[in-house]
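Subject: Structure for your files

Hello,

Here is the structure I said I would send. My notes on it follow below.

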Amino acid sequence: MIELSINDKAYRVEVQPGETLLEVLRGLGFKGVKKSCETGNCGACTVLLDSRPVASCILLAFQAEGRSITTVEGLSQDHRLTAIQEAFIEASAPQCGYCTPGMLLTTVALLAQNPEPTRAEIREAISGNICRCSGYVKIVDAIERAARSLRLK
Amino acid sequence: MAGTKQTKTLTKRAAGTKRARREAGPRAGGRDTVPRERRTADRARVPSGAKASRLRVVSKSLRKLDNEAIVRGEARYTGDMVPAGALYAKILRSPHAHARIKSIKIDAALAIPGVVLVLTHENIPRIPYTPAGQNFPEPSPYDAFMLDDKVRFVGDRVAVVVAQDEPAAALGCQALVVDYEVLPAVFDPIEALAPGAPVIHDEPDATGVLDAQRNLVARIEVDVGDVEAGFRAADHVFEHTYSVHYVQHVPMEPHVTLAYLDEDRRIVIVTATQVPFHVRRIVARVNQVPISRIRVIKPRIGGGFGGKQEVVLEDLAAHIALRTGRPVLMELKRDEEFFASRTRHPQVITLKTGLTRDGRIVANEMRLVANTGAYGTHGLTVQSNTGSKSLPLYRAPNLRFVADVAYTNLPIAGAMRGYGAPQGYFALECHMDEIAHALRMDPLELRRKNLIRLGDTDPIATQLGEGKAGFARVVRSCGIEECIKLASRAIGGGATSGGATAKPSQPFERKRRGVGFAICMHGSGIAGDDVAGATVKVNEDGSFNLLIGATDLGTGSDTILAQMAAEVLGVTLDDIIVHSSDTDYTPFDVGAYASSTTYVSGTAVVRAAEQVREKLRQVAAELMDVEVGRVAFKESFFTAGTKRVHVREAALKSFYGETKQQIIETASFLTLDSPPPFSACFAEVEVDLDTGAVKVTDIASAVDLGRAINPKLAEGQILGSVSMGIGYALTEEMLFSPMGKMTNASLMEYKVPTSLDLPEIKTLIVETDEPSGPFGAKSVGEICLDIIAPAIANAIFNATGVRMRHLPFTPERVWRALREAGS
């Protein structure tokens, strides 16, 4: 039995020793955390662990105990969309949407640390998130837009 | 172009974004380093009389309907909707490329706690079928079985363990004891066709294989005129051989299927598919269950690209649900997605072309041998498409196309974006470039001398349909010249001549830059074969349910089809409620393939909406007390003289007025037309002479798609196609051991382009208002991918003088080619 802090709420959950954080999160109903390669290579399962993006598929669940986890479901407070989420919609970035949760969380971490990234810096930051649909262009557009919008706030 | 009814639209990427910063290192030739301005969207004036200028919803970049759900993390895919207590089924896969199963002992597996069922060929019906998602009767051989007593590639199905959860199923698989008689295997299609090769499909009950003893699935031979006479009469004859390789779709969501029995004990299959109706029919067949007892639902899916135009898991999942009475989840892990789903067809292609002294083609011949892997799904039709999509591009009085499609003991090739055209165009557009250089002719000039033109008839279309005779095709819209102009300008330097000499470099510079291009045409749906249905249902508040069989893979087809309905009905996108891809509720649609959704499904939607509008016109006429013939429709209002009725009011009155009814109209559309979109791609590459590494520093893809129903979504298709094409050309490759086992089945070792591997891809939309298309649309889902690899190959030649004829252009291969050329 471990205690996890997910999106600022506490969860007590029974986990097997070998269970990954991805499995546990999805088991708790956080279906926005996506399962794709399960080997830490594609970023679809990205969550923020103490504000840093990690691949939840190669983290054992108990390793996240005592640390704060953010999933895509935790982004919007009061069901309102954040500037980053709005920017992704405005830029028409999502296609199939499977990589999008991971991209969003990587973006949150990037803009928290670098509020005015260049396109090259954006590409570096999302280089661990694979997208097969979009060629990344509109995702980079979205992140630029989000950065601008956050700076205006 | 001489065409008069062409509208041209320049659509560059989204406005108002920051300037792109060039990140490349020192550049040869003194190119300036001023940041390149991202140009804003620009619309050219449309000729008067065209309806385009009055469009309210269509041709607007409205938000994709599901984007909000996606960014909230609330979008639900198949794997997100598994009911508690569902069983988990895992497939035991063959470790051998070719073997007979002498025995399978299942007792130890059954004894594992949690295991409820083990399936083998001994306890499952043996019914030959094709898993290919195609219209019935499918033009693919019935050479597959749910489970067989033979395995034909490393990864082939051996048995299935059904258990309470994934770990128990995995333990169950480990506990199975299989005795194999290992057989000799063959991995090269040419060897497979030669006498003495092991026979991969020796079973007596497979049908539709042309010559199983020779491992020959199909042979295609098409002649127009007499190529031999043409070659004899030609001043020049050129012949080159090219090869293309095994790549995989790599959808971010691997194949996944959920099956259960509803309370009426009908089988419900929720699955990541592009072809729900074909899945229903095929599952019915192999499970010997009436179609009426099956419902297939496609929820949101995480990409398809052709890999989900197949029955990969649904046949087994339905079987297990029936046998156990319980819901069951089946999914492919990422490694299985690589080698145990589907791939693109590798081919070896030889082009032989005869030309007059001044560069006019008099005879054109394409011969190929294709590797279809261990099963023949899509084997005939992909290779037919290689010829039928590429050869018509250049006028030739004499044409010949020959394709042999062979089995090998390797992963199953099937449908993949472009469907044979990327293979054919790699060969054709490299070949044309080589000819131009041999003739010391501008490669663009060579194209222009031979290009198909507006009004031309495609000479090969009648002979190459979907596995049978096709239908005549006339080009009624053609924007290839605009595409060439826009794409060549977009990569800077205004190089309209792709044959420019390599950029001069500094004496010590070990990198070379070069520019190359390629052009192509494609199709919009399969003529005479792709059928789509749409239903529009009126609601009392003036909203409308749009029920469509058409399959949104993340492409946004739900959105653009809703835009079309909204345009016809005079309402907004918010007034259209889309429900798609549910075989119980939505009309038949073949599914998302062959770039058919906009053109074929779109026309069905437009017709259904028009039918509804006509019924509402009658209601409005009654309300206004005028003859229905006097009622016009303009900007959401039915009008007669000074009277008018808003469409919403007509909707309300249709329910609660004097004549109460439910207006609901269905239209179905089949056409013998498949108008070609056209595309041009210009690419700039930088080749490192010391490492062979090739980097695409700039690339522009222009496409004449008829009309962009939603420009941003159309751009999305172009961008995805270009990135897939760059992967195909440079970094993606399935590697196999000498025993036929894929050795790089992971996203670490199989190199899909990341954000660091791609330049700022430029997309350019040309609109030519195709007369037969809904709002003038053709298609855009596949075409741009067709020509990325040859554009890059031609750019490498321009940069280094070295001709690459075999994909992919990994650094090692380029380096070796450079050494051989003495660089």
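Two residues are taken to be in contact if their C-beta atoms, placed from the backbone, lie within 7 Å. By that rule, four residues of domain 1 of chain B are in contact with five residues of domain 2 of chain B. The side of domain 1 of chain B that touches domain 2 of chain B has two nonpolar, one polar and one charged residues. Here Ala, Val, Leu, Ile, Met, Phe, Trp, Tyr, Cys and Pro count as nonpolar, Asp, Glu, Lys and Arg as charged, and the others, Gly among them, as polar. The domain bounds come from an automatic or database domain assignment, which gives domain 1 of chain B as 1–51 + 476–523 + 675–823 and domain 2 as 87–200.

Please note that this is a predicted model: local features need pLDDT of at least 70 and side-chain atom pairs count only at pLDDT 80 or more, while totals for chains, interfaces and linings use all residues. Residues are numbered from 1 along each chain as its sequence is written, and chains are lettered from A and ligands numbered from 1 in the order in which they are written.

Between the chains, 47 residues of chain A are in contact with 50 residues of chain B. On the chain A side, helix 5 (137–152) gives the most, with five residues. Helices (H or I, at least four residues) and strands (E, at least two) are DSSP runs, numbered from the N terminus. The chain A residues that touch chain B divide into 20 nonpolar, 15 polar and 12 charged.

Chain B also has an open sheet of four strands, in the order 18-26-27-28, with mixed pairing. Strands pair if DSSP finds at least two bridges between them. Strand 18 (511–521) and strand 28 (762–766) of chain B stand at the edges with a single partner strand each, so one side of each has no neighbour in the sheet. Strand 27 (residues 694–704) and strand 28 of chain B run parallel and are joined by five bridges; B:Ser701 has B:Thr763 in strand 28 as its bridge partner.

Last, helix 15 (residues 647–656) of chain B has B:Val647, B:Ala650, B:Ala651 and B:Ser654 as its buried residues (20 or more other C-beta atoms within 10 Å of the residue's own, also placed from the backbone). They lie on the same side of helix 15 of chain B, because they cover an arc of only 105° around the axis, taken from the directions from the helix axis to the C-beta atoms.

Regards

Definitions and conventions:
A residue is buried if 20 or more other C-beta atoms lie within 10 Å of its own, exposed if 12 or fewer, and partly exposed in between; C-beta atoms are placed from the backbone.
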